[in-house]
Amino acid sequence: MQKEIDSLIKKARLEKKQNKKLFIKLKKMKGAPLDHKFNRLHDEVFKKIDCLECANCCKTTSPLFIQKDVDRIAKHLNMKPSTFENRYLKRDDEFDLVLKTSPCTFLANDNSCSIYETRPRACSEYPHTNRKKMDKILPLTLKNIEICPAVSRIVDKMKM
Ligand code: SF4
Ligand code: SF4
């Protein structure tokens, strides 16, 4: 899988301009048709992807943690929320709470998540291609082409 991830990321970088143009067109679609296009391809692509063979999101980016995530995970780990936050999180340039380290501290050697049941909402929703109002997160989705093989495949299918 690592070879495939590397080649998809390389391809995404080479096709950056083409992808930007596609996303400008997608932005004009908006609403339900755009959501349907992404959501249908999300289901199709994820039928053939095993995230446990990949984990590239957990290895290379940090989810945003909201207070509910901090409280839930800290409770699960028998810690005070402030201890959890001080030990594992920092504020980024936008003042959002993110992980101090990459790959994620909670990623196990077999690519599983050691706090799976209580993981941040942003993790459970990643790569956000099966949600509503896709027009609101097109810039994020464009970035994710270079991180997530599934997003890369979804976008490739849109070009067909
Ligand atoms: S969501 Fe994407 S980047 Fe994350 S493990 Fe699954 S395929 Fe890989
Ligand atoms: S909390 Fe779990 S799912 Fe989220 S980035 Fe870390 S290992 Fe991945």
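The report below goes from the domains to the helices, the ligand shells and the backbone.

**Model and domains**

This is a predicted model: local features need pLDDT of at least 70, side-chain atom pairs count only at pLDDT 80 or more, and totals for chains, interfaces and linings use all residues. Residues are numbered from 1 along each chain as its sequence is written, while chains are lettered from A and ligands numbered from 1 in the order in which they are written.

The domain assignment gives domain 1 (2-52 + 129-159) and domain 2 (64-125). Such bounds come from an automatic or database domain assignment. The centres of domain 1 and domain 2, taken over C-alpha atoms, are separated by 25 Å.

Helices are DSSP runs of H or I with at least four residues, strands are runs of E with at least two, and both are numbered from the N terminus. The expected span of a helix is 1.5 Å times one less than its number of residues. The table sets out two helices.

| Helix | Residues | Number of residues | Span, first to last C-alpha | Expected span |
|---|---|---|---|---|
| α2 | 16-29 | 14 residues | 20 Å | 20 Å |
| α3 | 31-46 | 16 residues | 23 Å | 22 Å |

Burial is counted with C-beta atoms placed from the backbone: a residue is buried if 20 or more other C-beta atoms lie within 10 Å of its own, exposed if 12 or fewer, and partly exposed in between. In α3, the buried residues are Phe38, Leu41, His42 and Val45. Seen down the axis of α3, these fall within an arc of 110°, so they line one face of the helix. The arc is that of the directions from the helix axis to the C-beta atoms. An α-helix has 3.6 residues a turn, so residues three or four places apart point the same way. On the face of α3 turned away from the buried side sit the exposed residues Ala32, Pro33, His36, Asp43 and Glu44.

**Packing around α9**

What do the buried residues of α3 pack against? They pack against α9 (149-159). In α9 itself, Pro149, Ala150, Val151, Ser152, Arg153, Ile154 and Val155 are buried. Their cover includes α1 (2-14), α2, α3, α4 and α8.

Leu34 lies in helix α3. It counts as partly exposed because it has 18 C-beta neighbours inside 10 Å. Two residues are in contact if their C-beta atoms, placed from the backbone, lie within 7 Å. Leaving aside neighbours within four places in sequence, Leu34 is in contact with Leu26, Met29, Met134 and Asp135. Leu34 and Asp135 are 101 residues apart along the chain, yet their C-alpha atoms are separated by 7.3 Å.

Asp135 is in the loop between α7 and α8. With 15 other C-beta atoms within 10 Å, Asp135 is partly exposed. Beyond four places in sequence, Asp135 is in contact with Lys27, Lys30 and Leu34. By contrast, the C-alpha atoms of Asp135 and Lys100, 35 residues apart along the chain, are separated by 30 Å.

**Ligand shells**

A residue is near a ligand if its C-beta atom, placed from the backbone, lies within 6 Å of it. Around ligand 1 are Ile49, Cys51, Cys54, Ala55, Asn56, Cys57, Tyr126, Pro127, Ile147, Cys148, Pro149 and Ala150. The elements giving two or more residues to this shell are α4 (56-60) and α9. Ala, Val, Leu, Ile, Met, Phe, Trp, Tyr, Cys and Pro count as nonpolar, Asp, Glu, Lys and Arg as charged, and the others, Gly among them, as polar. By class, the shell around ligand 1 has 11 nonpolar, 1 polar and no charged residues.

Around ligand 2 are Cys58, Pro63, Cys104, Phe106, Leu107, Cys113, Ile115, Arg119, Pro120 and Cys123. This shell divides into 9 nonpolar, no polar and 1 charged.

**Backbone exceptions**

Most residues other than glycine have a negative phi, and most peptide bonds are trans. The bond from Ser102 to Pro103 is cis, with omega near -5°. Pro103 is in the loop between β2 (97-99) and α7 (121-125). A cis peptide bond also joins Tyr126 and Pro127, with omega about 5°. Pro127 is in the loop between α7 and α8 (138-144).

Phi is positive at Asn78, near 55°. Asn78 is in the loop between α5 (67-76) and α6 (81-88), and it is exposed, with 8 other C-beta atoms within 10 Å. Lys133 has a positive phi near 55°. Lys133 is exposed, with 11 other C-beta atoms within 10 Å. Just after α2, Lys30 takes a positive phi of about 50°.
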